[in-house]
Amino acid sequence: ARMGIKQLSKVIADAAGNAMKNNDIKAYFNRKVAIDASMSIYQFLIAVRSEGNVLTNEAGETTSHLMGMLYRTVRMMENGIKPVYVFDGKPPTMKSGELLKRTEKRREAEESLEKATEAGDAADMDKFSRRTVRVTREHNDDCKRLLTLMGVPYVEAPGEAEAQCAALCKAGKVYATGSEDMDSLTFGSPVLLRHLTFSEARKEPIVEVHLAKVLEGLGMEMNQFIDLCILLGCDYCDSISGIGPKKALDYIKKFSTIEEVIKNLEDTKFIVPDSWPYTEARALFVNPEVTDPETIDVRAP
């Protein structure tokens, strides 16, 4: 649904490999984990299908998100994990450009899906139907009701779920953030767990990423890391076209800030976007809208 930070996992794997380790789900016995609910629901809507059909109830309403949420939450709880789901509030206005792009992409996908369906092309049908998936308020409300019935705590973030997860983790309320999005790290989550809400069938290990080791491996301070993430490409604004992951890393290591990078762009082939709001993007990562973690009860209700 969202891209997080482009290529960041590859940059970390290449430059700070020891910051990532693979673990079995059993390693998290008795750990509290803040999970980005909206992203998980998106995954469930895509993943939980029976023979290419979306799961529905008698009334024809989709139930994939409920099946996913139920089974994957039970799987975590069986392994002694204590999940706290965090739901997105309103997206920052900065994201509206990205959201417009997404709406446009969804519209294109819907048209392509119609064509593929007419042509009976199953592979394309699956590909494009994934792109039309959108998490609605109803999906969220259904899942909140399910979590309440299961006795699993959830939090409604004022803004980005990722930012609220990171705040809970920084405050020591939870051990880690569970998300596929690398921007949990950009928001300052000390520990990120990926693949936590995957189905058991996928047999993928949990990937644990430690921010302190990422910074150490990259040889950076946090503010440099945030600027690196903006240069790589984030959800809030465009990046400099022509600058790939390797160049972005070199430049931030050498010049520390995007301002200095721009001053020192020796090559005219790199195009800085017009009216580029990287300072606002930076502010959203450094100081996002979150609820004070001390006021949040992460225990089961």
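1. In which helix is the place of Val74? This is a predicted model, and in it Val74 sits in helix α3, which covers residues 64-78. Together with Met67, Leu70 and Tyr71, Val74 makes a nonpolar surface patch of about 320 Å².

2. Glu162 is found in helix α7, residues 161-170, and counts as buried because its relative accessibility is 0%. The side chain of Glu162 is joined to that of Ser179 by a polar contact of 2.8 Å. Ser179 is also one of the residues that line the largest cavity, which is the topic of the next point.

3. How many cavities of 30 Å³ or more does the count come to? The count comes to 1 cavity, and the volume of the largest cavity is about 30 Å³. Its lining is made up of Met39, Ser40, Gln43, Gly178, Ser179, Glu180 and Thr197. Helix α2, residues 37-47, gives the most to this lining, with 3 residues.

4. A search of the whole structure finds 11 salt bridges, and some of them are taken up here and in the points that follow. Asp14 forms a salt bridge with Lys10, and the closest N and O atoms of the pair are 2.7 Å apart. Both residues lie in helix α1, residues 8-15, where they are 4 residues apart, about one turn of the helix. Asp14 counts as exposed because its relative accessibility is 57%, whereas Lys10, with a relative accessible area of 48%, is partly exposed.

5. Asp250 and Lys246 also form a salt bridge, with the closest N and O atoms 3.3 Å apart. Because these two residues are 4 residues apart in helix α11, residues 245-255, about one helical turn separates them. Asp250 is partly exposed, since its relative accessibility is 39%, while Lys246 is exposed, with a relative accessible area of 62%.

6. Which parts of the chain does the salt bridge between Glu156 and Lys144 link? In this salt bridge the closest N and O atoms of Glu156 and Lys144 are 3.2 Å apart. The pair links distant parts of the chain, with Glu156 in strand β6, residues 154-156, and Lys144 in helix α6, residues 137-150, the two being 12 residues apart. Glu156 counts as partly exposed because its relative accessibility is 48%. Lys144 counts as buried because its relative accessibility is 13%, and the cut-off for buried is under 20%.

7. A last point goes beyond single pairs. Asp227, Glu259 and Arg282 are linked in a network of salt bridges, and a colleague looking at the model may wish to view these three side chains together.

Definitions and conventions
Residues numbered from 1 in each chain as written. Predicted model: local features only at pLDDT ≥ 70, side-chain atom pairs only at ≥ 80, totals over all residues. Heavy atoms only, no water. Patch = residues over 30% accessible without salt bridge, like charges linked within 9 Å, V, L, I, M, F, W, Y side chains within 5 Å. Areas by Shrake-Rupley, 256 points an atom, 1.4 Å probe, with all protein chains shown as cover. Salt bridge = Lys/Arg side-chain N within 4 Å of Asp/Glu carboxyl O. Buried < 20%, exposed > 50% of the residue type's maximum accessible area, 1.4 Å probe, protein only. Polar contact = N/O pair within 3.5 Å; in protein donor to acceptor, adjacent residues only side chain to side chain. 1 Å grid on protein atoms, 1.4 Å probe; cavity = no way out; pocket = protein on both sides within 12 Å on 5 of 7 lines; lining within 4 Å. Points joined across faces, edges and corners; volume = space filled by probe spheres on them.
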